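Please read the following report alongside the sequence and the coordinates. It is written for a reader who wants the geometric criteria stated together with the values.

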Amino acid sequence: MANLGSEIGLRALLSSRTALETIGHNVSNANTPGFSRQRIDLGTARPQNLRGLQLGSGVNVDSVSRTVDELLNGRIVKQTASLSKLSSQLTEMTSVEALLNEPSGEGLGSLLDQMFSAFSALSANTEDVVYRTGAVQSAISITNRLHQIIDEADQLQRDAQSKASFIATDINIKAELILKLNQEIGKVEANGTRANDLRDQREQAVRELAMLVDVTVNEDSNGVVRVQVDGQLLVGAKNVHAMTVEAGDKGVLNLRLAGATRNVKPKGGEIAGIVAFAGGFVNDLRGELDTYAQSLVLEFNRVHSTGVGLTGGFKSLAGDSSVPDLDGDGDRRDSLLATAGLPFPVTAGELFVTIVDDASGDLRQVRVEVNPTRDSIGTFLDKLDAIPDLSASLDGFGRVSIVSESGKTFHFGRPLDLAPDQDGTLGGGRANVVMPFDAPLSVTPGGTLQLQGATSAFTVTFNAGSFTNIAAATAEEIAAVINEDAGTIANSLRAVVVGDRVAIQTSGEGSGESFSVLGGTAMASLGLSVGSFTGQDVAVRVALSGEYTGAVNSQWTFTPNGDGIVGTTPGLTLSVRDETGALITTLEVGETYSSGTPLLIAEGVSVSFTGGEVRASEGDVFTTNVIADSDTSDILVALGLNGLFSGTDASTVQVLGSIQRDPARLAASATGAVGDSGALRDLLALQNEDVEALSGSFGEFYSTLVGGIGFQISSTKSAAEVEQFLVESLEERRQSIAGVNVDEELVNMIAYEQAYNAAAQFIQVVNQLEDELLRLI
Amino acid sequence: MQLRPTQSTIFELVRRGLTSNTGKLVRAQEQAASGRRILRPSDDAAGTSVAMSLRRQIGNLQSFVSATSNSRPQVDQAAARLEEASALMTEARALVIQGMNGSLGADDREQIATQLELVYGQLLDVANTQSGDRYLFAGTNTNTRPFEVTYVDGEKRVQYRGNSDAQRVLIGRETTLQISASGEDVFARYAYSETRYGSLSGIKRGTGGDTGSGYDSLHVRHDGTSGAMGEGVLLVNGNSDSMLGDRALTIDAAAGTIQLGQGPAAPIPTPYPGNLRVVDQHGAEAHIDLSGWTGNDFSTTLTGAASLSLDGTSYTPVTFAETSLQLVDDTTGNVIHVNTTGLVRAAREQVTFAGTSNVFDTLQGIVDDLRNEQNVSRPEMIDRMGSRLREFDRTQSDLLLGLGQLGSTSKRIQSSEERLQDLTVELKGLVSNVEDADFAVTALELTRAEQTLQLAQATGSRIMQQSLLNFLR
């Protein structure tokens, strides 16, 4: 009995002491991160059977355990990962916000407004070099700003890469720590003891790791945890698969674990925030700015390429970019326009080239049809090259180069040809007959046309070999056959093309000039009949005036309705038709018409005629082009001809070097007259026009972009706040379970202190009992 | 589950409270200091979009303002120059009226001509006004001197080298404003109405349509006189006859007079002259040799043959029956159709293509008329000047039209500038509404944040000090 008593007392003493020590441990770790309070599990000691009784043998410390909610810890790990992703993203995003410098009114948006303002000022002073320089500078500021933003975005992406590398290093250190703790815990727990503090440390390490990257943690029956990132093992039983960061294209960051075959894409943790920022957010911004810059180049060049600079047309013009040789066969000319890899798409349409005679100021407008799926670079250049006084080729760098003959300049503007009937096919001074049908004509193969000129009669033969397809002969081909005939040359006759018709006429003017159509087998197919034709002394002179305000390009054909003298013959009228043959208007040019008076046709264009005879019976006709857009195919933009900007994205967009050096080349005029500001007005219209690729105007696109960034940041911010709140409340719950309440510990301490004192007292009593007994002996 | 507060929870709560309240205070302070509610897009994404769109509208207006304000100096300069031109023309008109006074002598007329030449020079100077490098009255061909003096057929002519387009600027999305007056409209508007001939020769307008501009000369030439002669009366038939068509010649022996057509019956002097000039009612002359006259009455019909030329080199004979004879001047391209039925007299006739001559050519014509180098009669000269004066008045009204147009442009610029400024101010107000901080609200927020922070600090300091230790002695 005495033995039992001391035993019980001793156990009580030891238990209380252990409890007090645990309390001490708890109190001293009250502020240790990740520490879970520990408590001792007391149990009654094995009872002893004595004297037929089962007697209690005191208290026993069964174990020291942690108060911990593993599930809660798991949630904290998850939420911490989401939170740190959001907050790292947020930190980075705000630097982009600073970079755009909006809505202070000093960002790209106001630079764009300033550019339009400068263009507008120039439109009132097109000749002024100071205004021109100002306009060019304002365009340069935009490209500079774009470059600056892209440079800074680049820098942000590079910074993100190095940040990600640092984080990966941290991740690897944490992983190593977890591995080490795994091993220690394994050793400790192999003999059944719970490695409480080591587990706390491991949990803390996992939590810290989760801040860097979101992980899945699995604990096996041996107490060893395996840590996975995006389904791949980071910390295994034996080793760590270290994470590496590798920069891909466009700021994309690739994360890979050692030994793995695919990249990991963590959804949470700081590193996920950085990856999403660099490869997503900044990249999206760059993409948007690239679209913006691309549209800037496309839309501005569309207008500018068809404008004319202060110094008038070009003597030579080179593209600002090389035509690529996509198939790599060393021939850049053989690719179709649609698939040649040009920076901007070419659509089916037409290009008007205006050739100006420097001395006389006379214009010649040539329409070039562009079909990207049928024309190659080569055939397009051949079409330009075929225009008289113009030669077109690819230069040594593969750039398109167009050169005019001396004494001529060319441009792609849209002037009205003020003297449209240069050949005098409508009441001109020459003896003249026009074939009445529009080409293509089905000419009789081997057919003949017999003509009588001033000196001799001769026969022109239409051989199939002179035509691509004689059953659909073009006006140019028919004219060429006639012009190449020796008889035509000998008799000073010539054939000219009027719209889609062919006219045969004398070279000289006046009533002394004449020729006859005598016959021939091709006569009917050409729509000619036997007759003789005489020139006249008083030639009708046609003059156009005004500015075409129509929205689409058109070719107007003027034909008299009957024979008669302008201003004299009663009831004489002229019909004006568009290229579809639809009547636009009928002009009264008979006795009520005062010679030289402008008559309004349509869309701001007027025509005037001087007195003279017109003959419907001889097929009198002339055509003129009225141009709203001289390049509907965008071929000039695609080939980089006469643009304002060069480049294809935000980092390469520039104001063309030649314009920077010489602001006079800024195309303000649409007609070639230096005081005209048609091209500038079209550029200014872009301020409010919707641009297809931007689904809005330039300004709208940009403010949507800035607004979108603001919205992303503010929504990330509120998501982070929610997440923060969640993590905090989880942390509170964890604290409420595992945290140390000092007051509570103090209460326990007093309880165990008293228990200790009581146990000591008990031992003393047991001792006294023993002493009493011994004294009896 | 009952919450089991721990020390670190308490400390964390206090710390968090202090952080968030300090944050609010800082934010309120930032707004107060900058005066703006939106400092970065994320402060209010929707508000940012609105503010930027408003700013864009302001930018848009600014670009219109920049077009108008930059065009105003030249519009005003052009208007001022046209006013000057208008004054010059009024002065010229007074001089012309003075010059038409039939009683003036050659010296007086020369003096007026000299003065008019001065006006001519000044007007030309106005028409070629430059603003910087730009000619104000050249349409859009602003680098070309618009009015150039040239010589056509030896005559001084001013040609317009500009174009008829107008310089325009955008002052609204779809609205353009014309900021220049084309020199053609102001000084040289082409509005052909009819062809007028002087009244010397009796030539009339034919029925065909004419083509021409300014003035031209129609040469009506006398090609010879013929008639059945007798009683010793012969025709001298020198170059000095000017009678055209048929005219009766009557010698009244009793009265001793000779009469051509309805002209005055002139006494025949003795001895009978070998070359007597007789004049008919139109002032046309025939020269008669009376040296062999028998002294008997004699009457016959004389016929004067004529040919016409517009260019002075190629002459077309007339039958006096053409109602529309076409004449062409190859050098100028002028084409006229004349009625020859009324031709009575050879002359160099002035052809006026009414509505086509510019102010300079009209003035020059008047100067030439005053100097009378063609030596026409005084009434004829006044007739010519009258015709020119009509042209002159027409060009003056063109100029006033141009002036009115520029004046209204200037007014429109001014009013649109004012309107745009008003709009800008209004829009700026709207931007401020969206972007700027309301000071009352900000001040209130600042105070509230301050109070909350103080409260958090006070409660925090109290709660942190609570511990059982304070009572364990």
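Predicted model: local features only at pLDDT ≥ 70, side-chain atom pairs only at ≥ 80, totals over all residues.

Residues are numbered from 1 along each chain as its sequence is written, chains are lettered from A and ligands numbered from 1 in the order in which they are written, and side-chain values use heavy atoms, with hydrogens and water left out.

Chain B has 7 helices and 20 strands, where helices (H or I, at least four residues) and strands (E, at least two) are DSSP runs numbered from the N terminus. The C-alpha trace of chain B spans about 180 × 45 × 30 Å along its principal axes. Its radius of gyration is 45 Å, while a compact globule of 473 residues would have one near 23 Å; the radius is taken over C-alpha atoms, and the globule rule is 2.2 Å times the number of residues to the power 0.38. Of the 473 residues of chain B, 49% count as buried, a term that means under 20% relative accessible area, with exposed meaning over 50% and partly exposed in between (1.4 Å probe, protein chains only). Among the contacts in chain B with a separation of 6 or more, 68% come from residues 24 or more positions apart, contact meaning heavy atoms within 4.5 Å.

| Helix pair | Angle | Axis distance |
|---|---|---|
| α3(A) (residues 108-124) and α4(A) (residues 129-189) | about 165 degrees | 8 Å |
| α6(A) (residues 270-304) and α14(A) (residues 698-738) | roughly 175 degrees | within 11 Å |

The helices α6(A) and α14(A) are therefore roughly antiparallel, a label given to angles over 145 degrees, with those under 35 degrees counting as roughly parallel, 65 to 115 as roughly perpendicular and the rest as oblique. Their contact divides into 11 nonpolar, 3 polar and 2 charged residues, where Ala, Val, Leu, Ile, Met, Phe, Trp, Tyr, Cys and Pro count as nonpolar, Asp, Glu, Lys and Arg as charged, and the others, Gly among them, as polar. Among the residues that meet are A:Phe281 and A:Leu285 in α6(A), and A:Phe698 and A:Phe701 in α14(A).

The helices α3(A) and α4(A) are likewise roughly antiparallel to each other. Their contact includes A:Leu108 and A:Met115 of α3(A) and A:Tyr131 and A:Ile142 of α4(A), and by class has 13 nonpolar, 4 polar and 2 charged residues.

Helix α8 of chain A (residues 475-484) has buried residues that include A:Ile478 and A:Val481, and the buried residues of α8(A) pack against elements including β18 (457-462) and β19 (493-498) of chain A.

Within helix α6 of chain A lies A:Gly279, which is partly exposed, with a relative accessible area of 21%. A:Gly279 and A:Val252 are 27 residues apart in sequence and 4.0 Å apart in space, C-alpha to C-alpha.

In chain B, B:Ser63 has its place in helix α2 (residues 45-99) and is buried, with a relative accessible area of 1%. Not counting residues up to four places away in sequence, B:Ser63 touches A:Phe116, A:Ser117, A:Ser120 and A:Gln687.

Note on methods. Axes fitted to C-alpha atoms, helices over the stretch in contact; angles between N-to-C directions.
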